[in-house]
Amino acid sequence: MQLYKIKGNLLFWKITGVFTVLLIVLGIVFVIIASQFSKTYYTDANQKLYGDIAGHLASVTQPFKNGKPDTAVTHDIIHSTMVANPSVEVYLLNPEGVIVDYVVPDTTVHMNKVDMDKVHAWLNGEGKRPLGDNPKQPDELSIFSVAPVYESGTLSGYVYAVLASAKQREILKSLNSQFYLKLGSYSFFMALVVAFIVGVAIFYLMTNSISKVTATVKRFKEGDYSARIEEHDRGDLGMLSTTFNEMADVIVDNFDKITATDKYRQELIANISHDLRTPLSIIQGYIETLMIKMDNLSEADREKYLDIMHDKTKKLSVLVDQLFQYAKLEANLVKPEKEPFLLNELVSDILMAYKFKAEEKSITLQLEASQKLPTVFADIALTERVFQNLLDNAMKFTPEGGSIVIKLKESKSHVKVEIVDTGIGIAAEEITHIFERHKQLGKDRVAKKGMGIGLAIVKKILELHQTNIDVSSKVGEGSVFWFDLPIGQMVEP
């Protein structure tokens, strides 16, 4: 339990850490995007507000006379403009773009010529204006305003105004730290608020669903085996609901199987007790008779009583052996040792062993098999037990003068086995139950002739060989049992 709590807490902290990192990353990305938009907004605003300043200076002043800058007239006007708006720096260019005059400290100007392609693009442009050279910052492009100056219809030069000066950048730089701090703080706290709201909503939904799951599990624990979790469509809770419901179905199914098994066990014990009690009672009765009337019994009577007790003892031995075999099969303790062998030879030996018993009941035993029958791949001892149980069953229900025929036929990759008898047959409603443990025939037809567990053993053994046994029967005409065994290595005849 402690290990489970540690793992649960570790998962919680992992999720918390990932969520925190995600919030920080989102906050940083938001600040970067916001600052970029702010810078773009400021640039566009300056361009819109002061984009015509160069044209205004060119129209209200005459900065060139005879193709040369008129510093006496223009410096005062341009200087007054720069004082009114410190972010503007004004330069006079000749037609080739060479800077011929300016009103800024000389030591801060690092260019003597601007790119005229950008000037012409600005003058010819529509919509968003391009960025141009900044004489004081050669490595940075800047927003600017430009206007041509004409004398008597002849181009004398240009008024070139940089709208984002170095002084402006210094001011903005000093304000940026506060801007980013405020923006980051606001973004972080807003993210926390949103995360809190979302987290509370999610936790509520999760805990509400978990409470329902817990209530259902508690009902199931208290014995309401019909309790099932209302399944969610997706997500971990959906998987949990599906898993629990499947587990509950398996548990209920196992309960049903255990109940059925217990019922079968009770029936088996009752039937086995009956089968054991009958021969034991007979044996006990004859023993008591011998003990009481030993001196009064003839030799023939004593031999008769001993033969009866010996016969009942053999039946008890067979029944105990079947019970022991079936118990091992039920517990999966029997592992077939498969090998190739000739099935017709095995069946011939078995029929020889049953010959005397068949003659006593005037029953004909017969084997129909090809001389070129291939070998089968199976466990010899278990296969012998199958034939013995099937023959015992056929001998039990075949009246005197009847016949039992074992047919062996090759069929593709298998050898088909059929045991055909002319016995009393099996009713259709009983055929599906004859392979169950100790199932008995209807007492109105065959009194005290239980089916035993021989056929149940046959079914278990054949299942170990990955095959099934089937039966067809007609009441009063007989029965046919058949199954397949896989072909093994071929042998020469």
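In this predicted model, α8 passes α9 in a right-handed crossing, a crossing being right-handed if the near helix is turned clockwise from the far one by less than a right angle, and left-handed if anticlockwise. The two helices, α8 (residues 343-360) and α9, pack at an angle of about 35° with their axes 11 Å apart; axes are lines fitted to C-alpha atoms, for helices over the stretch in contact, and angles run from 0 to 180 degrees between N-to-C directions. Helices (H or I, at least four residues) and strands (E, at least two) are DSSP runs, numbered from the N terminus.

| Helix | Residues in the contact |
|---|---|
| α8 | L343, L346, V347, I350, L351, Y354, K357, A358 |
| α9 | I380, T383, E384, F387, Q388, L391, D392, M395 |

T383, which lies in helix α9 (residues 380-397), counts as buried because its relative accessibility is 4%, buried meaning under 20% relative accessible area, exposed over 50% and partly exposed in between (1.4 Å probe, protein chains only). Leaving aside neighbours within four places in sequence, T383 touches F341, L343, L346, A378, H465 and L485.

Across the protein there are 11 helices and 15 strands, and buried residues make up 34% of the 493 residues.

Residues are numbered from 1 along each chain as its sequence is written, and side-chain values use heavy atoms, with hydrogens and water left out. Because the model is predicted, local features need pLDDT of at least 70 and side-chain atom pairs count only at pLDDT 80 or more, whereas totals for chains, interfaces and linings use all residues.

Methods:
Contact = heavy atoms within 4.5 Å.
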